Amino acid sequence: MFGRVRPDWGSVTSDRGTLFEIDTIADGHALPRVLIAALEETSSPVCITTADLDAPGPTIVYVNPAYSLMTRRDRADVIGRSPRIMQGPLTDRSVLDRLRDDLSAGRPFSGETINYRADGEPFHIAWSIDPVLDDHGVATHYVATQRDVTAEVVAERVRLAEEGLDTALVDALGSPSDTEAALALLLDAVAVGAGRVAGYGTAEVTLRDPTLGPLRASVDINAEPPANPDVTVEVRVPMTRVDGVTIGSITIGNLRDDERNMIDRPSLNRVAERAAAVITGLAEYQRQRRTALRLQEAMLPRVDAAPDGFEIASRYLPGDVGVYVGGDWFDVIETATAIVLVVGDVSGHGIDAATTMARLQTLTAAEIRAGRPIDQIFDVLDRACRDDATMATMTLAMISTDSEDTRIWSAGHLPPVRFGSDGATLVAVSPIPPLGHLRGEQPTATTTPLSDGESLLFFTDGLVERRGEPLPEGLDRLCAALGHAAGPLDDIVDSVISSRSAEDDTAVVAVRRHPSADEHEPPSPR
Amino acid sequence: MAAELLVDEPGPSLLRVVGEIDTHTAPTLAERIADIPADAALGIDLTGTSFISSAGLAVLLAAAERLEAGGGSLRLLGASETVIRLLELSGLAGRLPLADELGDNH
């Protein structure tokens with residue numbers, strides 16, 4: 001289209017006159033002068049070689065100043081030599097093989113590998129090569145445009161490593177019932193992330209604090225073992241928390257010298273810092289969960305024996321997921337004339353909720369034993385919740401031991417289910433708002449008989465609530481399950497608890513008035 | 001893992017909530033309500049909400065109390081039968097009044 005290039009003419013002409021002044025490059029080949037000027041000015045490294053693929057291979061006939069800058073080589077040292085002078089031990093042979101295949105077949109090539117600057121410093125390069133064809137379609141030259149992508153490669157590896165850590169932390173928090181497994185999951189992710197950032201060798205994570213659980217995780221990054229395993233070096237970075245405490249270290253080992261030089265220390269440090277943060281976060285979270293659970297277990301009563309004529313069963317189950325522990329409670333208090341059952345749920349979870357729970361439970365038991373009227377007890381509990389800046393729901397039932405009379409009071413809590421041979425129904429109680437929000441409202445007693453052989457089951461919403469399902473459906477399901485329930489109360493409670501969704505913590509307490517001995521057989525002892 | 005909760009403000013002093021108000025999403029709603037002045041006659045449209053957990057109720061209750069203290073008010077619009085039942089079970093029917101129409105909020 002531009003007419004034949006005639007170097008000796010000093011210009012490129014067409015029908016309409018001179019198009020370009022031309023210049024020659026190292027092999028005497030002519031290029032338009034404006035094109036050379038553009039190549040000389042651009043910041044993109046460009047290298048032009050001959051098209052000899054057979055040994056000794058292509059020869060460099062032109063490089064621009066940007067190329068000199070990137071490779072730190074004078075043009076005089078490069079022109080006339082093979083592009084192989086840029087390669088070294090870390091250069092990916094498979095990429096070079098593909099390059100030769102593509103060019104032999106007349107296809108353009110693009111790829112990424114590691115090249116070396118004049119002083120031996122390796123760097124990541126992305127480059128593409130296009131053949132220049134003559135009038136007969138035969139390649140005369142290859143034009144390679146190149147880019148130093150070291151910063152991008154490093155940033156992408158750090159991004160992937162951090163993403164991996166975040167994902168692992170979410171997974172670890174989701175499986176807290178096995179704390180060692182959760183920490184192991186996280187350490188593996190640290191090793192994988194550090195290995196990804198290092199790019200070579202083996203990554204090993206070591207924790208200094210033995211109370212943190214499993215101490216090590218490691219991964220191999222190299223597909224091949226080091227050429228000489230006797231002569232290897234390592235890079236070690238500390239995992240330091242923001243408060244300056246070092247919790248362990250990451251070691252990249254089994255490295256050759258040149259591989260070590262390729263590792264970006266600031267990136268590795270960054271991953272180590274993030275690792276310290278997520279490991280500390282997980283450990284702290286697990287510590288809180290353990291503390292809340294211990295507090296919970298210490299506070300909840302052990303119901304070994306029920307008063308004559310009654311059967312009592314109770315359970316507390318922490319939620320499966322992390323902090324879902326610490327808000328629910330139950331209690332069984334015997335007085336001279338009644339069994340008092342309490343079940344409640346402090347809003348929120350964790351140590352704060354467990355602390356309020358302990359306070360409410362202690363207060364309730366003390367006030368009941370002191371014979372305080374129910375409305376005053378609710379008032380005391382309401383103030384305790386306001387003090388702790390939280391709210392709680394609670395049901396309190398007073399089951400007479402010398403009559404069928406049962407009275408139930410509720411502050412925003414789910415009603416109990418009554419069940420027996422006539423089926424199961426929710427007891428229609430009239431709740432007042434939750435504790436902490438009473439504003440002087442007094443609880444009203446719902447009076448309901450508990451006949452011989454009948455049971456009442458009190459529970460927190462963890463028993464019936466399922467994500468995405470309206471609460472009434474969960475209540476219906478519970479009633480359906482209890483409608484046909486028979487056998488020891490313990491077994492019935494186990495059965496309804498086994499079908500809960502287990503996300504939230506759950507407290508259950510149930511009481512059954514035994515059938516009168518002269519009418520029915522007593523239930524067989526367990 | 002957490003359900004998504006969309007809260008937009010189609011009119012003055014009107015928040016429309018779409019999604020489940022549970023432990024994970026309740027803080028989102030709380031933040032949006034916190035932006036509403038305490039003397040506002042706030043309506044919260046729950047037409048797109050079928051599930052409110054105890055954490056969600058706590059947010060609504062706290063909002064009602066803040067608005068009442070500030071001379072404003074809170075009404076729930078478009079509450080489903082399920083939500084109404086939930087309010088009754090929680091003893092909150094009197095504290096979180098329902099309204100049938102958007103009324104002067106619209």
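Residues are numbered from 1 along each chain as its sequence is written, and chains are lettered from A, with ligands numbered from 1, in the order in which they are written. Because the model is predicted, local features need pLDDT of at least 70 and side-chain atom pairs count only at pLDDT 80 or more, while totals for chains, interfaces and linings use all residues.

## Chain A overall

Chain A has 12 helices and 22 strands. Helices (H or I, at least four residues) and strands (E, at least two) are DSSP runs numbered from the N terminus. Of its 526 residues, 37% count as buried. A residue is buried if 20 or more other C-beta atoms lie within 10 Å of its own, exposed if 12 or fewer, and partly exposed in between, with C-beta atoms placed from the backbone. Among contacts in chain A with a separation of 6 or more, 60% join residues 24 or more positions apart. Two residues are in contact if their C-beta atoms, placed from the backbone, lie within 7 Å.

Helix α4(A), residues 93–104, has 12 residues and reaches 17 Å from its first C-alpha to its last, close to the 16 Å expected at 1.5 Å a residue. The expected span is 1.5 Å times one less than the number of residues. One of the 12 residues of α4(A) is buried, so the helix lies largely in the open. A:Gly106, which follows α4(A), has a positive phi, near 80°.

Helices α5(A) (residues 150–174), α6(A) (residues 179–198) and α8(A) (residues 265–299) pack in pairs, as the table shows. Axes are lines fitted to C-alpha atoms, for helices over the stretch in contact, and angles run from 0 to 180 degrees between N-to-C directions. Angles under 35 degrees count as roughly parallel, over 145 as roughly antiparallel, 65 to 115 as roughly perpendicular and the rest as oblique.

| Helix pair | Angle between axes | Axis distance |
|---|---|---|
| α6(A) and α8(A) | roughly 175° | within 10 Å |
| α5(A) and α6(A) | about 175° | 9 Å |
| α5(A) and α8(A) | about 5° | 10 Å |

The angle makes α6(A) roughly antiparallel to α8(A). Their contact includes A:Leu186 and A:Val190 of α6(A) with A:Ala275 and A:Val278 of α8(A). By class, the contact of α6(A) with α8(A) has 13 nonpolar, four polar and no charged residues. Ala, Val, Leu, Ile, Met, Phe, Trp, Tyr, Cys and Pro count as nonpolar, Asp, Glu, Lys and Arg as charged, and the others, Gly among them, as polar.

α5(A) is likewise roughly antiparallel to α6(A). The contact of α5(A) with α6(A) has 15 nonpolar, two polar and three charged residues. α5(A) and α8(A), in turn, are roughly parallel to each other. Residues that meet there include A:Val158 and A:Leu165 in α5(A) and A:Val271 and A:Leu282 in α8(A). The contact of α5(A) with α8(A) divides into 12 nonpolar, two polar and four charged residues.

## Chain B and the contact with chain A

Helix α2(B), residues 54–69, has 16 residues; at 1.5 Å a residue they should span 22 Å, and the end C-alpha atoms are 22 Å apart, which agrees. Its buried residues include B:Leu57, B:Leu60, B:Ala63, B:Ala64 and B:Leu67. Their cover includes β15 (338–346) of chain A, together with α1 (26–34), β3 (41–48) and β4 (73–77) of chain B. Just after α2(B), B:Gly71 takes a positive phi of about 90°.

B:Leu74 is in strand β4 of chain B. With 24 C-beta neighbours inside 10 Å, B:Leu74 counts as buried. Not counting residues up to four places away in sequence, B:Leu74 touches B:Leu42, B:Ile44, B:Ala63, B:Ala64, B:Leu67 and B:Leu96. B:Leu74 and B:Ala41 are 33 residues apart in sequence, but their C-alpha atoms are 6.1 Å apart.

Between the chains, 17 residues of chain B are in contact with 19 residues of chain A. On the side of chain B that touches chain A, the elements giving two or more residues are α2 and α3 (81–89) of chain B. The residues of that side divide into seven nonpolar, six polar and four charged.

## Nonpolar cores

A nonpolar core is a set of buried Ala, Val, Leu, Ile, Met, Phe, Trp, Tyr and Cys residues joined through C-beta atoms within 7 Å. The largest has 90 residues, and those with the most contacts inside it are A:Leu341, A:Leu457, A:Val509 and A:Ala510. Its largest share, eight residues, comes from α2(B). Apart from it lies another core, of 40 residues, among them A:Leu187, A:Val205, A:Ala275 and A:Ala283.
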